[in-house]
Amino acid sequence: MSLEAKVRGVFQSSVCPHDCPSTCALEVEVMPGAQRIGTVRGAAANNYTAGVICAKVARYSERVHHPERLTQALLRTGPKGSGQFREIGMDEALDRVAERFADVTARHGAEAVWPYYFAGTMGLVQRDGINRLRHVMGYSRQRSTICSTICESGWMAGVGKFTGPDPREMAKSDLIVMWGGNPVATQVNVMTHITRARKERGARLIVIDPYRTGTAQAADLHLPVRPGTDGALACAVMHVAFRDGFADRDYMATHSDADPELEAHLAERGPQWASAITGLSVELIEAFAREYCVTERAYIRCGYGFSRSRNGAACLHAVTCLPTVTGKWKHEGAGALWNNRGIYHWNKTLIEGTDRRDTSIREMDMSRIGAVLTGDRKELGDGPQVHALLIQNVNPVTVAPDSNRVRRGFLREDLFVCVHEQFMTETARMADIVLPATMFMEHDDLYQAGGHSHIQIGPKLIEAPGEARSNHDVILGLAKRLGAEHPGFEMTAMEVADATLRASGWPGAAEVMDQRWVDAQPDFDASHFIHGFGHKDGRFHFRPDWAAIGPDHARMPKLPDHMAATDEANAAHPFRMVTAPARQFLNTTFTETMTSRKREGRPTALIHPEDAGKLGVEDGGRVLLGNGRGEVIVHAKHFDGLQPGVIVVESVWPNADFENGIGINALTSDDPAPPAGGAVFHDTAVWMRAIAARLEQAPPLAAE
């Protein structure tokens, strides 16, 4: 046995920080010297993670020890976007950032500085601490719409609070409906509990998704709906429930606002009507509806995918109506769940400085960063143009919609940009100052879950490389230089986590770490709304108060319905495009690791063979996709797991990986979804053209 083979590390508890509802409990092998990690595995003792994690995180040593990690602060020396930088010290870098923020504030006012962040880490201290600096300094606020705002609107419309049946109950279900999600790629632990139900109970899995995903391929039944038509399908199922005697009228009378108008409304929205909208056969809709209605323990796991549309809130609301019409909420292993975030009741005063938040300061939509940076007064209001950005945990040049306009905004010479990052992303290349960031094993943090119910602490396990600093430490460094005062600026990350736990009614950090996690799941009655839903009247709302949810409420349907508000295909743009997540990437995270890149291959459009034949698109051939916002070149793959007229491009590949250097979000719109905004990544109409293969010039034909 070699010496290298004898070296073993010690496994220590940690938490996956990435933008996934699973928030997996981890065991990380820390090698001697605390400079490197070895194996990463799921914690078998955690009854949600159950020892299973995704392949991306299992090979995390490839990422944390990547040779291209940023380890030193960088100062731009060439044109914006050129990637030309020189190394400087972290103290000098923070001095320069603070000086520019102070100068911009003096010249244009504090609202001209916009701290911009999202979910590159889901740790509460490291992710959300940027808001403390924002609020204390009076910088422009951010409306965080790029991920879940549409879901929030749709779920809140009917249910009234962000809770639901324990996700572990899926193992006790007889039917699981995965609606608009692909957990094989995006929430592997969901499949753990579904698999248990299938093995132990003979449960069936039904997947509703525009294309045959990995999850759909593993399902007993797949319903490949046209994008943006999920509300019509849900209405047809409710129609069948009323028509065939499966509606639980007693439950609706005590737990909802149902009235005779609801049944009359749904009487006109049967399978024939839904078939014309969804593209599914009447027979398939009838079969799904009957199976759902007759199965008492039917659990709907709502994904994010079908909400990323202009009518996404209406679609999600319609889906949540199904267990209410049929009374399934009252049964174990039944009901519906989107996200459990409402169970934690956090007091985030120390983390976010909520005691210093001034709601009179303008709030701008993060999904519309391109509009903001190019002077759109719908976002800027009557305030100043943005002249300085501090960016943490997000890569907007690649991931934000309408990315050609985003790029134009970042190229402004009068815009100062500081990016705090782990790798030289395409956003970092646009920066004036780049600060090196730690990864989750290199700092302390506090975590909640969305897809389950555990509170966890992820402690620092190894030393960070070079001068990499945590988000918390960068915010403290800037606060000190800017004269920002708040108790949270005087505390370590672990002290903030401990104080936040205690202020929120949970055990302190030491106790949480000693227990490894705290299960915050409410009891059965609370989780299943036995004594009432989240609205003031305690009832589920078939007739939502959309005006209370968002300002753009006038277009919302009064009752569950198909909301015809999407970017519909037409003669000029005959295809509907969905930009679903790639299995080996998580947004643009993991696009830097060679194993993930090799497994994904290249940017590819999944195209129905019927469409390919009409346009002369060869399997593996190049195609040009376009609309009024831009044009993108990808390779085609013939795929019969979707309807004709639908194109799926699994992403988010960096722009540089596309042949013309323009990524898929050049085609997506930054239109905010009603009623409260939100990004509509899967709601895009495009045209498609085959690109002829380059051939060697043939010699002229000889004269006959």
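**View 1. Arg-516 sits partly exposed in a loop.** At 25% relative accessibility, Arg-516 counts as partly exposed, a label for values between buried (under 20% relative accessible area) and exposed (over 50%), using a 1.4 Å probe and protein chains only. Arg-516 belongs to the loop between α24 (509-515) and β19. Its phi is near 85 degrees, a positive value in a residue other than glycine. This is a predicted model, in which local features need pLDDT of at least 70 and side-chain atom pairs count only at pLDDT 80 or more, while totals for chains, interfaces and linings use all residues. Residues are numbered from 1 along each chain as its sequence is written, and side-chain values use heavy atoms, with hydrogens and water left out.

**View 2. Three strands form an open sheet.** The order is β17-β18-β19, and the pairing is antiparallel. β17 (445-447) and β19 (518-519) are at the edges with a single partner strand each, so one side of each has no neighbour in the sheet. Strands (E, at least two residues) and helices (H or I, at least four) are DSSP runs numbered from the N terminus, and two strands pair if DSSP finds at least two bridges between them. Three bridges join β17 to β18 (residues 454-458), and Asp-445 has Gly-458 as its bridge partner in β18. Helix α23 (residues 493-503) packs on this sheet, touching β17 and β18, and its direction makes about 160 degrees with that of β18. Here contact means heavy atoms within 4.5 Å; axes are lines fitted to C-alpha atoms, for helices over the stretch in contact, with angles from 0 to 180 degrees between N-to-C directions.

**View 3. Helix α4 has a buried side.** This helix (residues 90-108) has 19 residues and reaches 27 Å from its first C-alpha to its last, close to the 27 Å expected at 1.5 Å a residue; the expected span is 1.5 Å times one less than the number of residues. Met-90, Ala-93, Leu-94, Val-97, Ala-98, Phe-101 and Val-104 are buried in α4. They cover an arc of only 130 degrees around the axis, so they lie on the same side of α4. That arc is taken from the directions running from the helix axis to the C-beta atoms. On the face turned away from the buried side are the exposed residues Glu-99, Ala-106 and Arg-107. Just after α4, Gly-109 takes a positive phi of about 100 degrees.

**View 4. Trp-114 and Tyr-116 form an edge-to-face aromatic pair.** Their rings are 5.2 Å apart centre to centre, with 75 degrees between the planes. Rings of Phe, Tyr and Trp (its six-membered ring) pair if their centres lie within 6.5 Å; planes under 30 degrees apart are stacked, over 60 edge-to-face, and the rest tilted. Trp-114 is buried, at 0% relative accessible area, and Tyr-116 is also buried, at 0%.

**View 5. Phe-585 and Trp-653 link distant parts of the chain.** This edge-to-face pair has 4.9 Å between centres and 85 degrees between planes. Phe-585 lies in the loop between β20 (575-578) and α27 (594-600), and Trp-653 in the loop between β24 (646-649) and β25 (684-691), 68 residues apart. Both Phe-585 and Trp-653 are buried.

**View 6. Strand β16 has buried residues pointing both ways.** From β16 (residues 433-436), Ile-433 and Leu-435 point one way and Val-434 and Pro-436 the other, and all are buried. Strand β4 (residues 73-76) pairs with β16 in the antiparallel sense over two bridges, whereas β15 (residues 416-421) pairs with β16 in the parallel sense over four.
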